[in-house]
Amino acid sequence: MKIGLRQAGKSAFNAIHLLVLLSFLVTLLPFLAQLASAEKFLEISRVNPEQFKDFRLDYIFGQLAVSPERERIYDADVQNQWLQQLTAPARLPYVDYLPYPPFFCLLTIPLTWLPINVSYLLFCLGGLAAGITGTVVVYRTFGKKSGKLIFFILLGGLVCLPSRQCIQLGQTSWLFAGLIAIYFSSMLAKRDIASGISLCLLAIKPPLAIFMAMAALAHRRWKILSAFGVSIALSLIISATILGGQTVAHYPTVLLKVASTDVFDESFRPEGMIGIQALLSQVLPRQAAKKLAGLAAAATLLPLFLLWKKTQLHSDQQMTWAIAITILTYLLAAPHVNIYDCLLLTIPAALSLPTVSLPDTGDIRPRRLQLWTIIFILFPALSCFAYLAVAEASGHRAYNFTFLVINALLLALAVRLYLSEKKTDSPPSNAQPPTGTLV
């Protein structure tokens, strides 16, 4: 009788958990329904210039790439003139800027072929499809089979605050999550060309590609790195035919200007990020914080390289924790990391969680895996609920730091779990889902 009541309680809790996640999903529908016309899209942008902010930059990047001003695509004044024309009379109170590599225009030019509201919806759906597909592929590649488990993980990823920010800003985090998943699954399956091309696309955010490349570099996967180099070269050559060779050759100077000046700081808002740079920006001048954060990011690459040097490329828990450590290190140490980038944690969640049922976490051992699992199960709902409470009471900046703390805790847990795998050289026998788990 007690067993029956306990099982009924678990089933009821799991049903409520599902309803909470679905309720957050439903709240996105009215927002998307507003985008029935291009004029409505622009009207929302005028009322709230922060809405769709990043997508608008992507859109005008594509427009500029095929305009007579294409060779001035990295001129901040030109970018902001085009933004102002798009959303006039509304105007951002700071200089906004998009410093993505020249080959990003190959992805944004097609956006301009459609009305901006349609492009936005297709951009979001395309990124979401890439993220879901990549996560499912890496999940299967690592030998995971439970459809219910991956369904709940992806549903939680879709409705959590990072995903909502990604969608409302028009960001690329779902796309990058999918690319990281394809990169590692292709590496494991020895599909080196696919892995190299994925790494090339990750170079849209150069630090992201550098952090992920440590795995291929440590294992001397020269075919992956060659495919990456060839893909980058071809992309830049094609970009040069569109934007001009001088524009492409000038791009390193663009990155240097962004890193060494404070012209665009109001756009990038380092104090509102979630990594080390945000923390340093609270106590140091912005330029000093940038330089110190850059040194800290560079300093983490050697430990990551050594981590992968000692990690065998097998579909086991050791590689799972190496992937988790790499992603968490990026979220903490890389420059320009925001809340929406936490979507990348969908990958280690898919590879490591033994259950998505909170009542069943009491049976998980070791305790650090139990805590890891509880954090991920609670994260989607609490990230949305807590945002409303903390952001209203203490401001958005205080809330951003909660992500820094959570990621630091997850990194510490991942390191401990990786080390325990190194000691045993095999997954813990009780790391599998307990009987009756919702998987």
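Which element contributes the largest share of the lining of the second largest pocket? In this predicted model, that share comes from helix H7, which supplies 7 residues to the lining. The pocket itself holds about 420 Å³ of space, and of the 22 residues that line this second largest pocket, Phe123, Cys124, Leu125, Gly127 and Leu128 are the closest to its centre. Two or more lining residues are given by each of helix H2 (28-33), helix H7 (116-141), helix H9 (161-169) and helix H10 (173-188). When the lining of the second largest pocket is sorted by class, 17 residues are nonpolar and 5 are polar, whereas no charged residues are found there.

The surroundings of methionine 212 can be described in detail: when residues up to four places away in sequence are not counted, methionine 212 touches Ile180, Tyr183, Phe184, Leu199 and Leu202, together with Thr326, Ile327 and Tyr330.

Several features of the backbone were also found in loops between helices. Lysine 190 has a positive phi of about 60 degrees, although this residue is not a glycine, and its place is in the loop between H10 and helix H11 (192-202). With a relative accessible area of 68%, lysine 190 is exposed, because the value lies over the cut-off of 50% that defines exposure. Arginine 220 likewise is not a glycine and has a positive phi, here of about 50 degrees, and this arginine is found in the loop between helix H12 (206-218) and helix H13 (222-243). The relative accessibility of arginine 220 is 57%, and this residue therefore counts as exposed.

A further backbone feature concerns a proline. The peptide bond that runs from arginine 365 to proline 366 is cis, with omega near 0 degrees. Proline 366 is placed in the loop between helix H20 (346-352) and helix H21 (367-394).

Conventions: Residues are numbered from 1 along each chain as its sequence is written. This is a predicted model: local features need pLDDT of at least 70, side-chain atom pairs count only at pLDDT 80 or more; totals for chains, interfaces and linings use all residues. Side-chain values use heavy atoms; hydrogens and water are left out. On a 1 Å grid over the protein atoms alone, a cavity is a set of points where a 1.4 Å probe fits but cannot get out, and a pocket is an open set with protein on both sides within 12 Å along at least five of seven lines; lining residues have an atom within 4 Å of a point. Grid points are joined across faces, edges and corners, and a volume is the space filled by probe spheres set on the points. Helices (H or I, at least four residues) and strands (E, at least two) are DSSP runs, numbered from the N terminus. Ala, Val, Leu, Ile, Met, Phe, Trp, Tyr, Cys and Pro count as nonpolar, Asp, Glu, Lys and Arg as charged, and the others, Gly among them, as polar. Buried means under 20% relative accessible area, exposed over 50%, partly exposed in between (1.4 Å probe, protein chains only). Contact means heavy atoms within 4.5 Å.
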